[in-house]
Every structure is written in C-alpha cells, then in structure tokens.
Amino acid sequence: VVCRDGCIKAVGQADVIRNQFSGATFERVIDCSGKCVLPGLVDAHTHPVWAGDRVHEFAMKLAGASYMEIHQAGGGIHFTVEHTREATEEELFNTFKHRLERMRRAGSTLVECKSGYGLNLETELKMLRVIEHAKQSMDIGISSTYCGAHSVPKGKTAAEATDDIINNHLTKLKELKQSGEIDVNNIDVFCEKGVFDLESTRRILQAGKDIGLQINFHGDELHPTKSAELGAELEARAISHLEEVSDEGITAMARAKCAAVLLPTTAYMLRLKQPQARKMLEEGVIVALGSDFNPNAYCFSMPMVMHLACVNMKMSMNEALAAATINAAYALGKSDTHGSIEIGKQGDLVIINSSRWEHLIYQFGGHEALINYVIVKGKVIYQNESCGTM
C-alpha cells in the first residue's frame with residue numbers, strides 16, 4: 001500500500017492488508033497475482049547529459065585502440081566536450097529527457113546523473129541546470145553530481161584546472177546551492193594517470209566536501225592510483241570503477257563503509273580487467289552497480305548490468321539485485337528512503353510479469369517483455385500494455 005504522500009504505508013500478506021484497509025478507498029489497485037513486485041532499480045553511475053555520439057569510436061575500440069589512445073587522438077571525452085559546449089540548453093534537455101525515459105522503461109526509478117562534458121564553468125553550469133530541470137519536471141529520482149574534473153581541458157595543465165575548479169567552479173556552485181537555483185548532491189573527479197593525480201584529486205574532493213557535497217568519484221580504473229585508499233581517508237560515500245584497486249584499498253573501503261560502484265558494461269566494452277567483486281563482497285565492502293551510461297558505454301538497462309555482473313564478475317543474482325537497489329541507494333546517500341520495499345520508504349516499485357524475480361536477470365536483454373509496471377512515489381510512470389503472460 002502506497003499513500004498519497006508517495007510513501008509505503010503497509011507491506012504484507014494480501015489477506016492481512018485487505019483486513020487492515022477494509023474501510024479505505026484507493027485511487028488505483030493493481031492485481032499482481034502471479035507476478036513479482038521488486039524495489040525500483042537504482043542506477044548509481046551515469047553520464048547522461050551530452051551532445052554528439054561517438055559511434056565511430058566503437059570500430060576503433062574493436063580494432064584494438066585503448067581508451068587513452070582514442071583520448072590522445074582527439075576522441076573520447078574531448079570530442080563530446082566540443083559538441084556539448086555548442087549545444088543549447090534546450091537541445092541537451094530534450095536528449096537527456098529521452099534517455100531518462102528509456103532508463104525508466106528498463107526499471108530505473110533513481111539515477112545518479114553527472115556533469116563533466118563542459119570542463120569550463122559556463123558549460124558545466126549549463127549541464128547542471130539541465131539536470132535540475134529534469135529533477136523538477138520528471139517522475140524519476142535524480143542524484144546530481146558535479147564532475148568538472150572529468151578531464152583536463154585543452155590548453156590547461158592539471159594543476160591549472162585544479163585551481164580553476166576550486167577557486168571558480170566550486171565557489172559559484174556554493175553560491176547557486178545556497179540560493180536554491182541548483183541542488184547538487186555529489187562531487188566527482190576522474191583520478192587517473194594522465195588526468196588528475198592523487199594530490200589534485202584530494203584537493204578537489206576536499207573542497208567539494210567543504211561546501212556540503214558527498215564524495216563519489218572515479219578511481220583505480222585504468223591504472224592503480226591508490227584512489228580507494230584516498231576515498232577511505234576522505235570518508236567518501238562511494239568510488240566507481242575500481243578495476244585496478246589494490247588489496248589494501250579494498251580493506252580500507254570496507255572499514256570506511258565506502259561503497260564500490262562497479263560498472264560491468266565499461267569493463268565489458270573496453271575489454272578491461274573485471275573488478276574484484278567477489279573479494280570485495282567477502283571483505284565486507286558495500287558493492288553497488290551502475291550502467292555508466294555515456295557515449296563510450298551506451299547502455300540504459302540495469303537488468304543487463306545485473307546479468308553482466310553475475311556472469312563476468314561472479315556475483316550471485318541476490319547480490320546483483322541488492323547491488324542495483326539498496327546498495328546503489330546507499331552509494332547515493334539515499335538508502336534511508338530508497339532501494340527496498342519497507343514501510344516509510346518511497347513507493348518506487350517495478351512489477352514484472354513472472355512468478356520468479358530472477359527472470360529479470362536471467363533473460364539477457366529481455367526486460368522489455370518482462371517489466372509490466374514501473375512506479376515512482378506510488379504513481380504508475382510506465383505501463384507495458386503489450387506485456388504478455390509468460
């Protein structure tokens with residue numbers, strides 16, 4: 001039972017619920033006989049605001065070019081930055097809205113959304129305004145992330161970019177946050193060899209934390225950089241990627257209750273080493289999942305992410321579901337309101353047309369025929385009329 005305020009009022013056996021609410025009237029009743037009701041899925045890492053796709057780079061990757069080789073050839077992030085700078089706010093919002101709608105149809109009800117394809121204050125703020133517009137106008141949960149340190153802008157050194165971010169970008173963000181114009185939740189840095197080193201990352205993350213942002217950053221993806229150790233030291237809420245994390249970093253994250261946001265689509269598409277999900281789980285790290293939707297990893301579907309996590313990262317289906325719901329909500333600082341079906345939490349639900357929930361993971365790419373309803377705050381935001389009986 002979900003109340004008018006959008007929160008779950010009761011959970012239990014059908015006959016108990018019927019007796020408890022025998023005198024109540026409901027705006028809508030959904031018959032879920034023979035179906036499964038799951039928490040809405042949470043996508044803990046996406047880059048969904050940008051212009052100019054990079055479909056041409058896929059052939060380069062298939063031919064063996066590495067991420068950094070494409071980046072150094074003028075592709076990668078800098079290609080997207082040029083197109084995003086040129087796009088209008090309206091153009092960016094329209095494509096972003098379309099992407100969010102596709103994520104909703106795949107069962108995502110809360111999505112982390114980053115800036116990061118501006119690399120200058122004007123375009124970063126443009127992206128954050130687009131995200132804020134979607135927060136206010138769309139039926140989907142959004143956790144917004146400032147990721148101005150996604151790459152070093154052309155014509156600047158990493159040290160110059162770091163100073164610009166701390167002295168100009170974050171100063172302006174604090175001002176806009178205090179005035180209520182833009183509500184940013186997290187700060188992110190791409191801590192990587194040849195991008196932002198450990199000390200620059202530390203300075204930016206600490207400055208973001210000082211203005212009230214949660215630390216949630218890219219680390220240990222392409223090279224071991226001791227990002228995990230840094231995140232634990234700074235009390236980061238979450239670190240993403242971690243394909244090259246050290247054993248010491250895993251231990252530090254477990255102790256600090258710092259979530260690991262693993263991105264199986266990225267490791268799959270870039271042919272990277274798989275993150276050590278099993279070791280992390282065995283050591284007590286809170287493991288979450290994200291799609292890493294971006295021009296380099298074009299995937300909207302958390303069910304497909306869960307499938308890849310099970311097959312390639314050796315997670316069980318139970319672990320993958322927890323990682324795509326309650327643990328992903330934890331990585332965004334929202335596990336008290338999202339990620340599970342409990343009284344008092346927000347009524348975000350996915351109803352699948354199967355008597356076994358495992359079909360959502362088992363059927364690789366089959367979610368379009370499985371997901372019957374997606375519900376946010378008790379409101380049906382997607383209903384699949386053609387969802388046949390299994």
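Guide: Three cavities of 30 Å³ or more are held in the structure. A cavity here is a set of points, on a 1 Å grid over the protein atoms alone, where a 1.4 Å probe fits but cannot get out, and its lining residues have an atom within 4 Å of a point. Grid points are joined across faces, edges and corners, and a volume is the space filled by probe spheres set on the points. This is a predicted model, in which local features need pLDDT of at least 70 and side-chain atom pairs count only at pLDDT 80 or more, while totals for chains, interfaces and linings use all residues. Residues are numbered from 1 along each chain as its sequence is written, and side-chain values use heavy atoms, with hydrogens and water left out.

The largest cavity has a volume of about 140 Å³. Its lining consists of 15 residues, and His-47, Tyr-67, His-150, Asp-292 and Asn-294 are the ones nearest the centre. By class, this lining has four nonpolar, eight polar and three charged residues. Ala, Val, Leu, Ile, Met, Phe, Trp, Tyr, Cys and Pro count as nonpolar, Asp, Glu, Lys and Arg as charged, and the others, Gly among them, as polar.

The second largest cavity holds about 50 Å³ of space. Pro-39, Gly-40, Val-42, Thr-109 and Leu-110 are among the residues that line it, and so are His-338, Gly-339, Ser-340, Gln-346 and Asp-348. The lining of this second largest cavity divides into three nonpolar residues, six polar and one charged.

Technical notes. 1 Å grid on protein atoms, 1.4 Å probe; cavity = no way out; pocket = protein on both sides within 12 Å on 5 of 7 lines; lining within 4 Å.
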